[in-house]
Amino acid sequence: MSKNNTVFIGENKNFWERNRRSGGYLLKRRSGQIAFSVIRALLLFGLCFMIIQPLLVRLATSIMGESDLYDTSIILLPRHVTLDNYKIVAELTDLKNVDSVWTFRSMLNTLWTTVLVSICQIISTTLVAYGFARYEFPLKKFWFACVILLIIIPPQTIQTALYMNFANFDIFGIFQAITGKPINLRSSVIPYVLMSLTCMGLKNGLYIFMMRQYFKGIPKSLEEAAYVDGCGTMHTFVRIMLPDALPTIASCFLFSFVWQWTDLFYSRNFLSTYSLYSLQLSSIVSRMSQYFAVTEGALVAVPQARQQQLIGIAVLFCSIPLIILYLFTQRTFVESLAMTGSKE
Amino acid sequence: MSAKERKVREHWYSGITESIQMLIPGNRIYQTMPAKRARSGYLFILPFILGFLLFMIKPLIESFIMSLNIVTLVPGKGYDKVWTGLDNYAYAFTVDPYFNEYLLDEIQRMAINTVAVLVLSFVIAVILNQKFKGRTLARAIFFLPVILSSGVLPGIEKQNEMYNMMTSIAESIGASSGVNLSKSLQDLLSVSGVGSGVFDIIFQMIDAIYDIVMASGIQIIVFLSGLQAISPSLYEAADVEGSSGWESFWKITFPMVSPLLLVNCIYTIIDFFMKNDNRVMERINTVMFTQFRFGESSAMSWIYFGVAILFIGISSLVITRTVKSYE
């Protein structure tokens, strides 16, 4: 529409002149545009603020002394700046050991289990997604329906059975025959690695789905050319398909990393012996009252505001590594996912 | 009957027999290229098949059996079970003091949240797809909830019993700090005689806006990817034909993205059911880990699973029916 107008009216004319000639249309249109962008800006700002605000509040309250919390004249800026809160939370969440040395035990535990598990998950889901995307085989639809089922079934449904399964792990009674009783695998990372290697980890159905979508979009001629040149199955996969899919794989890895980092369900069921950060975080309230009972010598109820402050710091500890990671990989996160979607 | 006709006929089990025959390495009929490819295809998805059978179907069946039994732990041996039929389900509904209430609550919350998440994430995706200053920053912030609302993080503050008590007291007295805008607006509307049922739901959505925004990170990404896949030439053509922005939104944008509505709807429902701050889930965990009632907790999770499937089924039916006409 605007292009039509400019042809007749000319761009170097003044706005009001052009408006007069268009019979008031231009003014109506322009004010509509401005109103729209103002509303848009307000909406975006409000929502963005709402997302960021809890983080800012937690940051601000994290350095407040305890007396500041009860001072109603203080909302954001602390009067008594202190870093003691961080030390307390570090001790509560096993970042510091009993001799109050920064060992970062829970954080390091979380890091290695998360990296291990995510790598296992990504390897297996990439293979499976590739199989579904590029090969024709009988019962393919049935197995893919199983993938959809895997996405839909809440893992909580099978929680009890899995718990039992791994507490008394046995394959066809082999261990029973050797050692006299089934082995308890619940105290090691093995069950979860096994599950990750077989695509049964956290949200793995989703990763299969996403990567399959990407692999499907790669032109078939590429594969055929490779075959003509004497490239075997594994060779085609590793040399041709993988480099192409690397951005999608990376974004799936990031998702897997982030979700595994904060995951509670699988951690509680399979990794409860490792003192992961998410486990520490989930039980921080009960540990808090114990801690203060020891330090203050008597059993006192931890005040509400104080509890909230300490929980907030623990949440910060948990999310800040992820936010830093996100800032560096934001592009991978968003854009490669957009690429998978566009192929649908 | 000619040989050709016989070949065409397919039985329900033909896929199974065919796949078994193909997997036998020495079988000479299946030395063809497609058969080889089928074999390698099976090799690729083998991890999934193994995992699905071992760690999904087997526990699923076991947990279903458990839900029909009274299960007691026997140290060193595993567990003992005594058949009780549907008693565990009856327990969940009639004996357990919280399960019913929580389940109804969560279902209601989920229905409202799902609709709200879908609408909001669609609107935000449309906005984030436009060109304006600071778009990259806005996008980065809107995807932050993917991190901030995952795993333990969302429910952690509500887990605090004291906090819950305090907020419920504050709400009942109405002594929250400042003026509660939505509450007073709601009062105003109900006084002026506007139908209250619908408004109740809308105000519930407004009050839960934080939860809704935090739950819609992935959905925004999915919608945005759909929006970016729409060819700009469609809009140009519409523009030339004299369609306004509003019209081309409803005639181009919405129909093009609406297939993703189903994906997002299912994702939202599942995400909601698996969220950590879900009270039904908490209840199941308490029954299982602190009361060691394994049978009852299995029954509860099966009821919960049934509800989830029911909702996914209903919503996919509704969405495919209404959206089909656009495609």
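# A guided tour of a predicted two-chain model

Begin by colouring chain B by confidence: its mean pLDDT is 79, and 78% of its residues score at least 70. Within chain B, select helix α1 (residues 3-8), whose mean pLDDT of 50 is the lowest among the elements of the chain, and then helix α12 (residues 232-240), which has the highest at 90. Next, select residues 174-178 of chain B, where the pLDDT is below 50. Beyond near neighbours in sequence, this stretch has two contacts in the model. Where pLDDT is low, the predicted coordinates should not be read in detail.

Confidence in chain A is lowest in helix α1 (residues 2-9), with a mean of 49, and highest in helix α6 (residues 105-134), at 92. For the model as a whole, the scores are ipTM 0.81 and pTM 0.82.

**The domains of chain A**

Select residues 2-62 of chain A and then residues 105-342 of chain A; the domain assignment gives these as domain 1 and domain 2, respectively. Where they touch, domain 1 of chain A contributes four residues and domain 2 of chain A contributes five residues. On the domain 1 side of this contact, one residue is nonpolar, two are polar and one is charged.

**The interface between the chains**

Now display both chains together. In this interface, 70 residues of chain A are in contact with 78 residues of chain B. Which helix supplies the largest share of the side of chain B that touches chain A? Select helix α3 (residues 33-66) of chain B, from which 22 residues of that side come. By class, the side of chain B that touches chain A has 53 nonpolar, 19 polar and six charged residues.

**A helix pair in chain A**

Two packed helices are described by the angle between their axes and the distance between the axes. In chain A, select helix α11 (residues 204-217) and helix α13 (residues 233-262), which pack at an angle of about 160 degrees with their axes 10 Å apart. α11(A) is therefore roughly antiparallel to α13(A). Their crossing is right-handed. To see the contact, show A:Y207, A:M210, A:M211, A:Y214 and A:F215 in α11(A), which meet A:M241, A:A245, A:T248, A:I249, A:C252 and A:S256 in α13(A). These contact residues comprise nine nonpolar, two polar and no charged.

**Two pairs around α11 of chain B**

Move to chain B and select helix α6 (residues 135-148) together with helix α11 (residues 217-228). Their axes lie 7 Å apart, at an angle of about 135 degrees. The helices α6(B) and α11(B) are therefore oblique to each other. On the α6(B) side, the contact is made by B:F142, B:F143, B:P145 and B:V146, and on the α11(B) side by B:G217, B:I218, B:I220 and B:I221. Seven residues of this contact are nonpolar, one is polar and none is charged.

The axes of α11(B) and α13(B) come within 9 Å and cross at roughly 155 degrees. This makes α11(B) roughly antiparallel to α13(B). α11(B) passes α13(B) in a right-handed crossing. Finally, display B:I218, B:Q219, B:V222, B:F223, B:G226 and B:L227 in α11(B), which meet B:T253, B:V257, B:L260, B:V263, B:N264, B:Y267 and B:T268 in α13(B). The contact of α11(B) with α13(B) has eight nonpolar, five polar and no charged residues.

Conventions:
Residues numbered from 1 in each chain as written. Chains lettered and ligands numbered in written order. Predicted model: local features only at pLDDT ≥ 70, side-chain atom pairs only at ≥ 80, totals over all residues. Domains from an automatic or database assignment. Contact = placed C-beta atoms within 7 Å. Nonpolar A, V, L, I, M, F, W, Y, C, P; charged D, E, K, R; others polar. Helix = DSSP H or I, 4+ residues; strand = E, 2+ residues; numbered from the N terminus. Axes fitted to C-alpha atoms, helices over the stretch in contact; angles between N-to-C directions. Parallel < 35°, antiparallel > 145°, perpendicular 65-115°, else oblique. Left-handed = near helix turned anticlockwise from the far one by under 90°. pLDDT = per-residue confidence, 0-100.
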